[in-house]
Amino acid sequence: MSARFVQPSVIPGFRLALGFTVFYLAVIVLIPLAALIWRASDLGLPAITSLALEPRTLAALQLSFVTSFLAALFNVPFGLLVAWVLVRYRFPGRRLLDATIDLPFALPTAVAGIALTALYAPNGWIGQLFAAAGIKIAFTPVGVWLALVFVSLPFIVRTVQPVLDDLDREVEEASATLGAGRLRTVAKVILPALLPAILTGFALAFARSVGEYGSVIFIAGNIPYVSEIAPLLIVIKLEEYDYAGATAVATIMLAVSFAMLLMINLVQSWSRRRFGRV
Amino acid sequence: MSDVATLITREAVIAETSGETVGARRRQPRRPTEESPTIRWTLIGVAVALLVVFLLLPLVAVFAEALRRGLDPVIDALTDPDGLAAIKLTLLVAAISVPANLVFGVAAAWAVAKYEFKGKAFLITLIDLPFSVSPVVAGLVYVLLYSTSHGWFGPVLNGLGLQVIFAVPGIVLATIFVTFPFVARELIPLMEEQGTTDEEAALSLGAGGFRTFWMVTLPNVKWALLYGVLLCNARAMGEFGAVSVVSGHIRGLTNTMPLHVEILYNEYEFVAAFAVASVLALLALVTLGLKSLLEWRYGDELAAGRRH
């Protein structure tokens, strides 16, 4: 390992490319995020904590974290099933199905939000089925969860899919010749190999869900203490010119984002040591 | 095909040709690494059913709600002056933010993929950072910087008579933030895979730096570049949360299409809201179509994770 910053290369343009990259990164991402952290440190930890512990804020944070966790949890088996079917089986319409998975990435969140509301409102296609049974989905935390399932499903599928595709079939054959049944092979041989991808997908899905705004606010009904999510609270506080309150909620959410990012990096370096790949 | 499987298939063929199976056609023996057809078709059925309910039905609902009263209200909603202004603003914002992130993506990929330097992994993490930040937080940080009343640069902007927040520049900045990594993250892994040998050959043959980039590097990554631009553009046109925070929702001035959808919806103009939404949904469908086309047709020329 040489002591110099960059390894010598005949290829020109390093300074220009890196200089522009760092400048643009600083202007668009780092300085604005630093402004938030600066504001937060101006407030101080005690003030942030007391703002976050206000009943309405606490309720919103709780709702966001719990529904995001449950949505990511639901998407693990759902995403595994979809990835399995797409990778292992050949059937008519497979490619179309594969393309559909990215729909939540491609569909603008506001569009998804009003569409889900139309479906699950008490007079909607699906909502009326549940309304007949006395169950309300839209304008309750269940609606929030449903919207988060929609937006975060692709994360699990798309992280598991390539790993499953690369999995060596010979280990499964070895497992079968050693007398393991199919279910045992899946549980003891395939799932452990998919674990890093599942964890990464879960973290990505959770991080996305916690910050999600557009697809949730229409179906949530936004009743304070009941179905009001943390990102909406930031918007409400901003509209009330409560910059300190908005900063406090945003700081907590940013801290969660960083924690998720750290977890993903740890999972990936663990997986590289354990399996020799990401 | 693996040896065990070949053996089994061969046995099956021998069994069949030796006339062991009289009458009904003999079923191919199941490989030990496969599920029975019943299980297989059940899994496929469950996956398809769940995807139809969770993903496809919302999409169908957009078009169904828009066309509830025929085509005329849809056309009215889209040709309404506020609707037209929203479409124009959305196109303008995408036309600025996509090229900006394209230039950045190429520069970042060039620096990261063609050289070895310290802190590279950290730089890649920073580039991906905007994906893990909530769009609302992304909007908020620009308000904290540029708001004329509360922002860091507020006094400076006031002095210059410039407005960023509740105006088009803020919308552009917020859009650039949320679409920041799209092009870079498609190019970096691909250019790392490709290495530097092609460029070194071109340089040793006397081509200049720019010519090498233009004639050698760019053709090597053109489909990945297009792929990144496609995703970047879809998100730029559809972004809601970040833009909503900085826009101020001024009709005809700072209203993008997704914001226009929200306003119409909140005013109970459901058909009009779904009409504008259906245009955005069509954009999403076109994006998905082109994206899949790139994956099937040019899969080898995309980064490893994108090959299906």
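What volume does the largest cavity have? In this predicted model, the largest cavity has a volume of about 50 Å³, a volume being the space filled by probe spheres set on grid points that are joined across faces, edges and corners. Local features need pLDDT of at least 70, side-chain atom pairs count only at pLDDT 80 or more, and totals for chains, interfaces and linings use all residues. Residues are numbered from 1 along each chain as its sequence is written, chains are lettered from A in the order in which they are written, and side-chain values use heavy atoms, with hydrogens and water left out.

Chain A contains 13 helices and 0 strands, these being DSSP runs numbered from the N terminus (helices, H or I, at least four residues; strands, E, at least two). The C-alpha atoms of chain A fill a box of roughly 70 × 65 × 35 Å along the principal axes.

Contact between the chains (heavy atoms within 4.5 Å) takes in 92 residues from chain A and 93 residues from chain B. About 8,400 Å² is buried between chain A and chain B, 79% of it on carbon and sulfur atoms; buried area is the accessible area (1.4 Å probe) that two parts lose on being put together, summed over both. Between the two chains, 15 residue pairs are in polar contact, both residues at pLDDT 80 or more. A polar contact is a pair of N or O atoms within 3.5 Å; within protein, one must be able to donate a hydrogen and the other to accept it, and residues adjacent in sequence count only if both atoms are side-chain atoms. On the side of chain A that touches chain B, helix α1 (residues 14-43) gives the most, with 17 residues. That side divides into 68 nonpolar, 14 polar and 10 charged residues (nonpolar: Ala, Val, Leu, Ile, Met, Phe, Trp, Tyr, Cys and Pro; charged: Asp, Glu, Lys and Arg; polar: the others, Gly among them).

A:Arg182 forms a salt bridge with B:Glu35, with the closest N and O atoms 2.5 Å apart. A further salt bridge joins A:Arg158 to A:Asp98, at 3.0 Å between the closest N and O atoms. This pair links helix α8 (residues 141-166) and helix α4 (residues 94-100) of chain A, its residues lying 60 apart.

The whole structure holds 5 cavities of 30 Å³ or more. On a 1 Å grid over the protein atoms alone, a cavity is a set of points where a 1.4 Å probe fits but cannot get out, and lining residues have an atom within 4 Å of a point. Residues of both chains line the largest cavity, including A:Met253 and B:Val133. By class, its lining has 5 nonpolar, 4 polar and no charged residues.

Definitions and conventions
A salt bridge is a side-chain nitrogen of Lys or Arg within 4 Å of a carboxyl oxygen of Asp or Glu. On a 1 Å grid over the protein atoms alone, a cavity is a set of points where a 1.4 Å probe fits but cannot get out, and a pocket is an open set with protein on both sides within 12 Å along at least five of seven lines; lining residues have an atom within 4 Å of a point.
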